[in-house]
Amino acid sequence: MSPDRFQVIEKEIWREEKQYLMKQVSLSLIRNDALKIGDYVLSSGKQSPYYVDLRQAISNPIAMDWIANSLARIVVNEIGTLKIDKMMGVPTAGVPFATLVSQKLAIPMLYYRKERKEHGVRKKIEGDMERNDRILMIDDLITTGQSVIMAAEAAREQGGIVSELVVLLDREQGGREYIRSHNIEPHVLFSISEAFSWLKQVKLLSNEDYKMIAEYIVQEKESSVSPKKEKTNKD
């Protein structure tokens, strides 16, 4: 059998594994009240019929393990550990996930400080970072992508090479495209519409709520502004 055929099979196995991980993580989020349905206001001031609060998962070791394992599997299957020198968590929600993935894959970790400290060496990137280190970004979710780009630019300013992001889910509000426009490839476990479609299928989401959320996602996609005019909307 040719090597190409093996690659095709491996890709199909990984696609099936991602579906399995999406279901396990989605179920875990529902159990831990980290995926909420209702009337919410995002940090941008926009209304949303759902809210993903992955910070809620830090209080549940099993949920954290599912999330960390899922992110680690993305790294192994879609990037490769030999292509990474350091990994960096995007504050604040990305930091605990980056910590666990760093330990699982034995890759040194950094973290981004939003405000430069005014004492000591006054760095924005904490940890042992060297010039030309290939840095993998880790975050919880993508909304607009602004927070990822801010962290990536800080690392680049200190000589790091940032071209990959691993994230649990995409809210489908234009962030993935915005991140790509800054020469970073986002590797996402699942989109929010995939999760809601499965939750409806297994009757953990009503038909009425699903229809309302699906319409909202479509509207957000259509109303996504250009990256240059985009404002921070990360929840």
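Strand S6, residues 134-142, and strand S7, residues 161-170, run parallel and are joined by eight bridges. Within that pairing, Met-137 stands opposite Leu-165 of S7. Keep in mind that this is a predicted model.

Now the whole sheet. It is open, with six strands in the order S5-S4-S3-S6-S7-S8. The pairing is mixed. Strand S5 (125-126) and strand S8 (185-191) are the edges, each pairing on one side only.

Next, the helices. Helix H3, residues 94-105, packs on the sheet. H3 touches strand S3 (86-89), strand S4 (109-112) and S6, and its direction makes about 155 degrees with that of S3. Helix H4, residues 146-157, lies across S3, S4, S5, S6 and S7. H4 runs at about 165 degrees to S6.

On to the rings. Searching the whole structure gives four aromatic pairs. Tyr-50 is in strand S2 (residues 47-52) and Phe-196 in helix H6 (residues 192-201), so the pair ties together parts 146 residues apart in sequence. Both residues are buried.

Tyr-50 also pairs edge-to-face with Tyr-216, at 6.0 Å centre to centre and 85 degrees between the planes. Tyr-216 belongs to helix H7 (residues 207-223) and Tyr-50 to strand S2, so this pair ties together parts 166 residues apart in sequence. Tyr-216 is buried, too.

One last contact. Lys-200 places its charged end over the ring of Tyr-210, 5.1 Å from the ring centre.

Terms used
Residues are numbered from 1 along each chain as its sequence is written. This is a predicted model: local features need pLDDT of at least 70, side-chain atom pairs count only at pLDDT 80 or more; totals for chains, interfaces and linings use all residues. Side-chain values use heavy atoms; hydrogens and water are left out. Two strands pair if DSSP finds at least two bridges between them. Helices (H or I, at least four residues) and strands (E, at least two) are DSSP runs, numbered from the N terminus. Contact means heavy atoms within 4.5 Å. Axes are lines fitted to C-alpha atoms, for helices over the stretch in contact, and angles run from 0 to 180 degrees between N-to-C directions. Rings of Phe, Tyr and Trp (its six-membered ring) pair if their centres lie within 6.5 Å; planes under 30 degrees apart count as stacked, over 60 as edge-to-face and the rest as tilted. Buried means under 20% relative accessible area, exposed over 50%, partly exposed in between (1.4 Å probe, protein chains only). A charge sits over a ring if NZ of Lys or CZ of Arg is within 6 Å of the ring centre and within 35 degrees of the ring normal.
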